[in-house]
Amino acid sequence: MTQTLKAVRGTRDLLPPETALWNRIEAVARQVFARYNFGEIRTPIFEETGLFARSVGEETDIVSKEMYTWEDRARAQSEKSQYLTLRPENTAGVVRAYIEHKLGETGQLQKLYYIGPQFRRERPQKGRYRQFWQIGAEVIGPPSAGSESPLRDAEVLEMLAMLLDELGITGWTLELNSVGSSADRERYNQALREALIPLAPKMCADCQRRAVTNPLRVLDCKVPEDQPIIATLPAIADSLDDASRTHFAQVTAALDAAGVPYKLNHRLVRGLDYYTRTTFEFTHGGLGAQNALLGGGRYDGLSEALGGPKAPGIGFAIGLDRLVLTLQAQEQTLLETIYITTPSNAYIAPLGEAQDGPALALARELRKSGLRVELGDGRFRLKKSLEIANKLAWRIVILGEDEVKSGILTVKNFLTGVQSKVTREELCAHLMKPPGELEA
Ligand code: HAM
């Protein structure tokens, strides 16, 4: 017996009616981004492997364990083979594009958003997939355009609060931290390295390696036995210099002024190496173990690390799959379900194959006028058409030979049970009437 094919582990099909919810979320996000003057960027789904190694960081879980990488063999003598990777996140691609298209030369802040799939070979579970979707945005530009300003951080966070509120997500928590400048992080890494000398031998193999190569990443460790040790390590707040402290104080002051609530979390260092200063996550209790709805932060040195000009930036990415899970768990999704399952305006039932053509023409006309129409099949008996139509539409339009000749159609309203004769000219207006209204 041949084995049935299934979607690859960690990937899934999104089907209607759920996709209507995805579309609504994306539409609300686009509207909110437009209000803040963000434009859309679409970068390729795969990039050179080196881009992610240099930005996200060799020692991160993402780069060391989770990337889908392959050797893309040369197809001609003039080509070289190269290593390519399915993007595990989108910030690196955006900054690569910023550099490649010299967007910094405009002298202005670039405010860019993206919506698209990302790929990480993680262990799949609820809220964690190997192909998942992100809605993200980045604000990046030369320092002269104000890209380092703490007001940009606060504005991005305020925009996220606005977006989650407009989507109807209730009960989110904004967790906020500062990981300082690269010099602060160097100092912190040093403090961690020293603190880890006596502790690392008691920890997992990954931590033992990271204690030497990139001690900050020890804080990402998920091994339960290591957690009590990690809790004793120094906090990054103690390694921040005055400039970083002031920057962070200004971010929180602006959030206070705007009334955006947050919680300080000094352990929030995030699992990507490019962050500097402000880092954040919005969490939601309803998500279980994978409780981060979104994450982001500042990356003031990333452009230079990729060979570009100085271009500080800040951004975030929302896990769209997790947003959908959260909304589905909320009561308000009931409304969504009602919306999604709203019947079509009309079901057109051709009586006999000869009426198929005229029925398609009529459906085309009504759909052009903006009506939602289901087209039946001339091979169905009227009884069958009525049964199907009753499930899918408010009204059925019966199209037999007589109706086509006379131009007078039979319309039945399933809600009131009333059957009426309607001329073709009046049909569109008739079908637009609320189905509950009594009609002649
Ligand atoms: P991240 O924290 O790696 O950050 O991912 C952002 C969000 O994507 C997470 O909070 C989560 O909601 C979602 N996510 C991540 N992995 C998965 C997965 N396997 N399945 C489902 N959802 C997932 C970034 O990606 C940064 N590029 C964000 C950023 C933009 N920082 C600055 N600008």
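A polar contact is taken here as a pair of N or O atoms within 3.5 Å; within protein, one atom must be able to donate a hydrogen and the other to accept it, and residues adjacent in sequence count only if both atoms are side-chain atoms. The structure is a predicted model, in which local features need pLDDT of at least 70 and side-chain atom pairs count only at pLDDT 80 or more, while totals for chains, interfaces and linings use all residues. Residues are numbered from 1 along each chain as its sequence is written, and side-chain values use heavy atoms, with hydrogens and water left out.

In the ligand site, an N or O atom in the side chain of Glu-122 lies 2.7 Å from a nitrogen atom of the ligand.

Helices (DSSP runs of H or I, at least four residues) and strands (E, at least two) are numbered from the N terminus. In the segment before α1 stands Pro-17, which is joined to Pro-16 by a cis peptide bond with omega of about 5°. Asn-37 lies in the loop between α1 and β1 (39-40); this residue has a positive phi of about 65° although it is not a glycine.

Helix α1 (residues 18-35) and helix α5 (residues 150-167) have axes that come within 10 Å and cross at roughly 145°. Axes are lines fitted to C-alpha atoms, for helices over the stretch in contact, and angles run from 0 to 180 degrees between N-to-C directions. The contact (heavy atoms within 4.5 Å) involves Arg-24, Ile-25, Val-28, Ala-29, Val-32, Phe-33 and Arg-35 of α1 and Met-159, Met-162, Leu-163, Glu-166 and Leu-167 of α5. Nine of these residues are nonpolar, none polar and three charged. Ala, Val, Leu, Ile, Met, Phe, Trp, Tyr, Cys and Pro count as nonpolar, Asp, Glu, Lys and Arg as charged, and the others, Gly among them, as polar.

Helix α1 also packs on helix α11 (residues 320-329), at an angle of about 110° and with the axes 10 Å apart. That angle makes α1 roughly perpendicular to α11; angles under 35 degrees count as roughly parallel, over 145 as roughly antiparallel, 65 to 115 as roughly perpendicular and the rest as oblique. On the α1 side the contact is made by Glu-18, Leu-21, Trp-22, Arg-24, Ile-25 and Glu-26, and on the α11 side by Leu-320, Asp-321, Leu-323, Val-324, Leu-327 and Gln-328. This contact comprises seven nonpolar, one polar and four charged residues.

Helix α13 (residues 356-368) packs against helix α16 (residues 424-432) at about 50°, the axes being 11 Å apart. The two helices are therefore oblique.
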